[in-house]
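Trainee: Could you take me through one part of this protein slowly? I am new to reading structures.

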Amino acid sequence: MSDVRLASPQGRWILLTTILGSSMALLDSTVVNVALPRIGRDLDADLAALQWTVNAYMLTLAGLILLGGSLGDRYGRRKVFVVGVVWFAVASLLCGLAPNADVLVAARALQGIGGALLTPGSLAIIQASFHPDDRGRAVGLWSGFGGVGAAVGPFLGGWLVDGPGWRWVFLLNVPVALFCAPIAVRHVPESGDGRTRHGRFDVLGAALGALALALVTYALIEARSGSVTVVVSAVAGVAAGVAFVYVERRRAEDAMMPLDIFGSRQFTAVNLVTLCVYAAFGGFFFLSALQLQVVVGYSALGAGTALLPTTALMLLLSARSGELAERIGPRVPLTVGPLLCAAGMLLMLRVGAGASYAADVLPAVLVLGLGMVTLVAPLTSSVLASVDVARAGLASGVNNAAARAAGLVAVAALPLVTGMGAEAYRSGAVFDEAFRRAMVVCAGVLVAGSVLAFLTVRKPGAGCATPECRTHGCVTAPPLEGAGAGEGDRP
């Protein structure tokens, strides 16, 4: 069914439920950072536990997001979306009631599974449900409201942490889900892709990919102990990664991530740039929320509000950035954007004890935000332009997963690289010193991404796929894009 009109009551209900569902997952990717100091204090958690609080969610989301889209194609997008919303709500309830850090981390991993089910499904539902004449506007509204949610998220999270408490960052998802799921059941038409019903389902590939990420992340976070377990985990993680590549190559068209898509040099190059820039972003937003509270002395609300200009700039200017990249090509934006972001992170070296928001914090986040505006839309355009239109959804999913995996590894690795101890976030002086080293590392990774883009990215030819999600405010990953014409986008 693809004849629902946007102006109809059913069309408005479909748009509302997909926005609410995707916003839950989007918000939990961003708002938790500002709650970390309070979580650490209330649960008596060390820095490793705070890393896992962020990474457990990112791990399952990054590892399973492609599988989640394929599940919707095969078993019904509405059905999988509703399961994802309910799953996410139950996991959020467990997070909100967690008595200790171990339970919180486990519940966050469950949250990521729910996010992997509902995030790709929300866009796929819009593409499959709306009349072709209304589909572009519906996707634009979905993307725009999602951007607003991303911009408001850190502010809302900070208000909840300082007010009712950090547990409400998670508990708030429960009433949203209770409102969202019945609307989806009643008003969203079921849809699927019949071409996927008879092929093999790549559960093994998904499991190996998630296992590789989990083991490598564990090894990085626990490396300070220097135990045999860490070494075994690192070796096993690399082995699982090799096995993942082998399985995906053998399964060819039935693979969750068909490796022939990397036959496009442009696609491979842009994904390498993605790894660089989103590793830096992941590390920055994890550490800066702690820096502003532990060192500068901001409240959770103050820290969330301080970082708001980055997402606000993306929300306001990403569409224009995309239009500019279409005229001049992606090479210049993907070269200049990371350099601006690197400059913003180096400006964060001025943000220490007694820092002024107007003189120190604001210039840094404004420069960073302008850099993100410059590069994110061209990055998405380049990914889509590097493959056939029929594979646009798959290409976008791979790029989104790569960005999340990069952020995951950065959050795990940066404290190790910069010498942060398990209790570093409890001391302003100790954390400040490590934070400064981390900003230099992040800036260096961004410069590497800029050089890579300059050397490898070229202007695409005519007739390539173009982004539908032109308004974007998420700082943790590039926007998910579908297959434009409503065709199934996974093999």
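Trainee: In which helix is Trp87 found?

Mentor: A word on the model comes before the answer. This is a predicted model, in which local features need pLDDT of at least 70 and side-chain atom pairs count only at pLDDT 80 or more, while totals for chains, interfaces and linings use all residues. Residues are numbered from 1 along each chain as its sequence is written, and side-chain values use heavy atoms, with hydrogens and water left out.

Now to your residue: Trp87 is found in helix α4. Helices (H or I, at least four residues) and strands (E, at least two) are DSSP runs, numbered from the N terminus. Trp87 has 34% relative accessibility, so it counts as partly exposed; buried means under 20% relative accessible area, exposed over 50%, and partly exposed in between (1.4 Å probe, protein chains only).

Accessible areas come from the Shrake-Rupley method with a 1.4 Å probe, and for residues only the protein chains shown count as cover.

For contrast, look at helix α10 (residues 228–251). Its buried residues include Val230, Gly237, Phe244 and Arg251, and what covers the buried residues of α10 includes α9 (203–221).

Let us step back to the whole protein. It has 17 helices and 0 strands. Its radius of gyration is 21 Å, close to the 23 Å that the globule rule gives for 491 residues, so the protein is as compact as a globular protein of that length. That radius is taken over C-alpha atoms, and the rule is 2.2 Å times the number of residues to the power 0.38. Buried residues make up 60% of the 491 residues. The accessible surface of the protein comes to about 18,000 Å², and 67% of this belongs to carbon and sulfur atoms.

Methods. Contact = heavy atoms within 4.5 Å.
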